[in-house]
Amino acid sequence: MSAVRVLAGTRKGAFILEADGKRDRWKIEGPFFAGWEIYHVNGSPADPQRLYASQSSGWFGQIIQRSDDGGRTWRTMNNEFTYDGTPGTHQWFDGSERPWEFKRVWHIEPSPLSPDILYAGIEDAALFRSDDGGEHWHELAALRNHSTGSTWHPGAGGMCLHTILIDPNESRRMYVAISAAGAFRTEDGGATWRPINRGLHSEYIPDPNAEVGHCVHRLAMHPAKPEVLFMQKHWDVMRSDDRGDHWYEISGNLPTDFGFAIDVHAHDPETIYVVPIKSDREHFPLDGALRVYRSKTGGNEWEAMTKGLPQENCYVNVLRDAMAIDRLDSCGIYFGTTGGQIYASSDSGESWKAIARDLPPVLSVEVQTLE
Amino acid sequence: MIRVLLPASLKVLANISGEIDVEPEGGPTIASVVDALEARFPPLRGTILQHGSRRRRPMVRFYACNIDLSHADPESALPDAVIDGSEPLLIIGAIAGG
């Protein structure tokens, strides 16, 4: 009997929700690491019992937790993230120079090859790798040392590396996204990187077509079609058919194309999901109605999915790492809100229900499909 | 033996209850006490003094004998009453709620 495990990171702890394949009754465990901000919890594709959590606090810094038994027990791992060499500077909001300084881990991406290989995307933006399950970390410094690195600047949430995608057919090809520098690709496991932002147009930066400086909120990829990438930019939903070399807009008939989260259906690489947010100034759904928009055409033609979602007086946000899918035959879609709800659909978005309603603000949602 | 009181978040993190005693190597200073804490309770590594620089985290404060030691040189000797065990070293999270 298959099962689903939802890993939720919140402002005040982590929660694990489990259900069998019917997904109609959920057991909620937590809070784990109560009182701490949990930016991300993620499981290993190579060993679903291996979980990692990013735990942090403005007072006491960064902690990395690891579980080898699906979240029942945890142990702290190495939390030392030291930039390679002399870090130098990046730009601050006002264009002044700021030294690179480690603040927190935003995203943990275990490799599909081994539960002991994992990547961490951090603020201030850099990519780290561990080859021993979190016992040691080293920076893949060629990214931060890219010739444009000194011009990167933070987005409103900080200068964070928040998205890490690994090509399932070629693990040395990876994509990362940084707010507000843009998207980057490596073909050699992180030894070299190139910006992949051609086609992005951002009116709010000095050169709207710049090589870097775009506020990319999230990237998504389907494993069966890894050359196709989808992007929720600050404004604009974008698509690339050539591994990020060129992007084109697919916002189409969306009522607003600002947002954070984006994901792809488990079984159809042309079916994608976004949660439109009113604007960069008003981080809540348009008209107070929480709507997931689905495109079955790979973009441009979108339909609102509303059944079971609040359609009035809803002013929550859905953050960039807070949407995920399961891989059951009838694909499940999940997202968490800053109001503490986790909504789930077990029918590809046709209908929704809250599987948790009163959690702390949800920062991230990941889903494991268990056999 | 130095008596230390930790904030609740760090006690939970390190699975500590109540006051703890540590035996720092060399002269008892804030830095050597934190070193001893981290050696005995590895989950505390980097949570009080930052990795690398060993600077105090901005929102951590040190008190003893009703004296604010937060801005003292972390390599300077602790007060006599802490060294002789009659007073604890308090490591607290700065008040920043509201």
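**Close-up views of a predicted two-chain model**

**View 1. Buried residues of helix H2 in chain B.** Ile30(B), Ser32(B), Val33(B), Val34(B) and Leu37(B) of H2(B) are buried (20 or more other C-beta atoms, placed from the backbone, within 10 Å of the residue's own). The cover over these buried residues includes E1, E2, E3 and E5 of chain B. Helix H2 of chain B, residues 30-40, lies across E1, E2, E3 and E5, at about 110° to E2(B) (axes fitted to C-alpha atoms, for helices over the stretch in contact; angles from 0 to 180 degrees between N-to-C directions). Helices (H or I, at least four residues) and strands (E, at least two) are DSSP runs numbered from the N terminus. The model is predicted: local features need pLDDT of at least 70 and side-chain atom pairs pLDDT 80 or more, while totals for chains, interfaces and linings use all residues. Residues are numbered from 1 along each chain as its sequence is written, and chains are lettered from A in the order in which they are written.

**View 2. The open sheet of chain B.** Five strands with mixed pairing follow the order E2-E1-E5-E3-E4; a pair needs at least two DSSP bridges. Strands E2 (20-22) and E4 (67-68) of chain B each have a single partner strand, so one side of each lacks a neighbour in the sheet. E1 (residues 2-5) and E5 (residues 89-93) of chain B are parallel, joined over two bridges. Val4(B) has Leu89(B) as its bridge partner in E5(B).

**View 3. Where chain A meets chain B.** On chain A, 11 residues are in contact with 15 residues of chain B (C-beta atoms, placed from the backbone, within 7 Å).

Note on methods. Two residues are in contact if their C-beta atoms, placed from the backbone, lie within 7 Å. A residue is buried if 20 or more other C-beta atoms lie within 10 Å of its own, exposed if 12 or fewer, and partly exposed in between; C-beta atoms are placed from the backbone.
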